[in-house]
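This briefing goes through selected features of one structure, grouped by topic. The sequence and the model come first.

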Amino acid sequence: DLVTGVQTCALPICLHQTDGDGSTTPDAFGPIAFEDHRHSGSSVEAHPPISAESVDERENEGVIGRFAPSPTGPLHVGNLRTALIAWLHARSGGGEMVVRIEDLDRANSSRQNEERQLAALAALGLDHEPVTVRQSERFDIYRDVIADLRRRDLVYECYCTRREIREAVNAPHGPELLYPGTCRTLTRSQLAERADRPAALRLRTDSPTLRVDDVVAGPTDSVVDDFVLQRNDGVPAYNLAVVVDDAHQRVDEVVRGDDLLASTGRQMHLQRLLGFSTPLYAHVPLVLGPDGERLAKRHGAVTLDDLAERGIDAVTVLRVLARSIGLDGDAAITAADLVDEFDLGRLPRAPWVVHHEWTTSTQQ
């Protein structure tokens, strides 16, 4: 149980949970069509909810989870916390976690960053099979999927700029953050006016409402707009790539940050169109910096290399992360030492806030 109050800790990283009311409590430290349809997408009315307790009841022999970082920089402790949860969830179910490199951002991705990220996972004992899927090497596969959807009259060109979309969705007639379908029914003359603009490709969806039966966040209704399949620079979009790759790698449980929960309905809809099964989803609360914003490089020493320079080794980081997800972790040397104790139901449902309180002795 959580006890109200600000946590004090001997480590130079002081961490606490933030409750919904703003108070603080200490932390409890090719595409493949699946046969398993236990979490297939459906309408809100028809889809039964999933509780955290149901995790232990699922058929989890041989489950495959995944961690899919973008190699645009080193992993920080927030990324590593999510990776640890994903790894433990898969291993506690008798399965494994695969690692996929989501390097669609070619401008900022690099193999050097990828190697640093894999080294950080290894330092915590998060072992996995060698990486075999890099999204930058699979553009032809994604485009073949788009071509198939186009043959089914489910794809159309979108010439809207970000500013135009932003202005349209803020209008009284359009739901916030959902594409209003501006380019869906353009006339020939309107298409001619936009001929000099590069076009993105969107999926025609008719805006179904799906329920994401999330193990951590709970049942969440999601309206699916006409989302982008390919950006106007020709790069396949994240929502398409992640669906195709999860199917290709036979992923049947996805643990990731809850900032991605809003896009999950889109992925579920696409999974149904392509004949893929929907994996079990567990969206975990994000890690925040002292200012309450999402943890980032600007918050200081947040990577394993940064912390090592301040005298904090990977084993210490692992133990702190373990406590943040409801485990004891004091005797843990690698992640494998935590598998028997792991229980997703004990995961705190509030964001985890990282405070750096560096002592003189630590800085020397």
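Asp206 is exposed, with a relative accessible area of 63%; exposed means over 50% relative accessible area, buried under 20%, and partly exposed in between (1.4 Å probe, protein chains only). The model is predicted: local features need pLDDT of at least 70, side-chain atom pairs count only at pLDDT 80 or more, and totals for chains, interfaces and linings use all residues. Residues are numbered from 1 along each chain as its sequence is written, and side-chain values use heavy atoms, with hydrogens and water left out. Helices (H or I, at least four residues) and strands (E, at least two) are DSSP runs, numbered from the N terminus.

**Loop residues with positive phi**

- Asp206 lies in the loop between E6 and strand E7 (209-214).
- Although Asp206 is not a glycine, its phi is positive, at about 60°.
- Asp153 also has a positive phi of about 60° and is not a glycine.
- The loop that holds Asp153 runs between helix H3 (139-151) and E5.
- Asp153 counts as exposed, at 52% relative accessibility.
- As background, most residues other than glycine have a negative phi, and most peptide bonds are trans.

**The sheet E5-E6-E9**

- Three strands make up an open sheet in the order E5-E6-E9, with antiparallel pairing.
- E5 and E9 are the edge strands, each pairing on one side only.
- From one strand to the next, the twist averages 45°; axes here are lines fitted to C-alpha atoms, for helices over the stretch in contact, and angles run from 0 to 180 degrees between N-to-C directions.
- Strand E5 (residues 155-158) pairs with E6 in the antiparallel sense over four bridges; two strands pair if DSSP finds at least two bridges between them.
- Across this pairing, Cys158 stands opposite Ala200 in E6, and Tyr156 stands opposite Arg202 in E6.
- On the other pairing, two bridges join E6 to strand E9 (residues 228-230), and these strands run antiparallel.
- Leu201 has Gln230 as its bridge partner in E9.
- Strand E6 (residues 200-203) is covered on both faces: Ala200 and Arg202 are buried on one side, and Leu201 and Leu203 are buried on the other.
- In general, the side chains of a regular strand alternate between the two faces of the sheet.

**Cysteines**

- The structure holds zero disulfides, a disulfide being a pair of cysteine sulfur atoms within 2.5 Å.
- Cys160 is buried, with a relative accessible area of 15%.
- Cys183 is buried, with a relative accessible area of 5%.

- Helix H1 (residues 77-92) has 16 residues and spans 22 Å from its first C-alpha to its last, close to the 22 Å expected at 1.5 Å a residue; the expected span is 1.5 Å times one less than the number of residues.
- H1 is mostly covered, with 13 of its 16 residues buried.

- Two packed helices are described by the angle between their axes and the distance between the axes.
- The axes of H1 and helix H9 (residues 314-323) come within 10 Å and cross at roughly 65°.
- That angle makes H1 roughly perpendicular to H9; angles under 35 degrees count as roughly parallel, over 145 as roughly antiparallel, 65 to 115 as roughly perpendicular and the rest as oblique.
- H1 and H9 cross in the right-handed sense; a crossing is right-handed if the near helix is turned clockwise from the far one by less than a right angle, and left-handed if anticlockwise.
- For helix H6 (residues 238-248) and helix H7 (residues 264-274), the axes come within 10 Å and cross at roughly 55°.
- This makes H6 oblique to H7.
- The crossing in which H6 passes H7 is right-handed.

**Val99**

- Val99 sits in strand E4 (residues 96-99).
- Val99 is buried, with a relative accessible area of 3%.
- C-alpha to C-alpha, Val99 and Thr132 are 8.3 Å apart in space and 33 residues apart in sequence.
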